Structure formats: C-alpha cells, structure tokens
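Me: I have a model open and would like to go through some of its side-chain packing. Could we begin with the rings?

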Amino acid sequence: QVQLVESGGGLVQAGGSLRLSCAASGRTFSLYAIGWFRQAPGKEREFVAGISRRGGSTRYADSVEGRFTISRDNAKNTAYLQMNSLKPEDTAIYYCAAERNYGSGQFDAWGQGTQVSVSS
C-alpha cells in the first residue's frame, strides 16, 4: 500500500502563494489517482482537487477553481497543489490521499496533513 507524506504548508498573507507536495513511497504511486482535501477548525473535511493516474484529468472544488492547480510527477512519486491568490478562508490542514480509481471517491491511503494558514 502506498504511503503519503505532505509538505510545503506554512503561514502566508492573503493574496500569496504556496505549493504543497505529496510524496509517496513505494513503486505503486502511478497506480493511484491523487486527491487533495482540507479540514478547517470546526468544519468537516472537504475535497479540494483531484488528478488521474497519468495526470490527464483533473477536477476542483468550486471554491478553489482558477486559483489552485493540481499536478503530479510520476517519475518523482510526487503530487503537487499549487495555491495562488490565497484567502483567509483557505486556512486548514491539507491532506493528500490515494484513490484507486479516479473519481470513485474511495481513498486507500492518507497522509498526515500539513497546516496552511492565511492571514488577512
């Protein structure tokens, strides 16, 4: 089973940018679609973005469409979430997860999360 580790979180001012990374162990990374989720204090976890196994298909939550970009590099076993024009409401813990079939909603593995804080 793939294991995931997120990095790249931090504190940024509104309007700024961050790039999150999701590094996978093992040789099975390319067998999984990848999703990014986030959970803000007192709120339920929500889907942010997803990318298919080879990167040919992507999908986004309405709240981040046009500001966030998901990508992956299978040679490096890493997925990314480029976040631009950040808003205070983007503050949350961000998680990546491995999805066996793109769009299925069935995620087999999760990372530990990375904190993103956006100040106004």
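Me: How many aromatic pairs are there in the whole structure?
Reply: A search of the whole structure finds four aromatic pairs, where rings of Phe, Tyr and Trp (its six-membered ring) pair if their centres lie within 6.5 Å; planes under 30 degrees apart count as stacked, over 60 as edge-to-face and the rest as tilted. This is a predicted model: local features need pLDDT of at least 70, side-chain atom pairs count only at pLDDT 80 or more, and totals for chains, interfaces and linings use all residues. Residues are numbered from 1 along each chain as its sequence is written, and side-chain values use heavy atoms, with hydrogens and water left out.

Me: What is the geometry of Phe37 and Phe107?
Reply: Phe37 and Phe107 are edge-to-face, at 4.9 Å centre to centre with 90° between the planes. This pair links distant parts of the chain, 70 residues apart: Phe37 is in strand S4 (residues 33–39) and Phe107 in strand S10 (residues 107–110). Strands here are DSSP runs (E, at least two residues), numbered from the N terminus.

Me: Buried or exposed, those two?
Reply: Both Phe37 and Phe107 are buried, meaning under 20% relative accessible area, with exposed over 50% and partly exposed in between (1.4 Å probe, protein chains only).

Me: And why is the pair of Phe37 and Trp110 called tilted?
Reply: Because their planes are at 50°, with the ring centres 4.8 Å apart. Trp110 is partly exposed, at 31% relative accessible area.

Me: Where does Arg45 lie relative to Trp110?
Reply: Arg45 lies over the face of Trp110, 3.9 Å from the ring centre; the criterion is CZ of Arg or NZ of Lys within 6 Å of the ring centre and within 35 degrees of the ring normal.

Methods. Helices (H or I, at least four residues) and strands (E, at least two) are DSSP runs, numbered from the N terminus.
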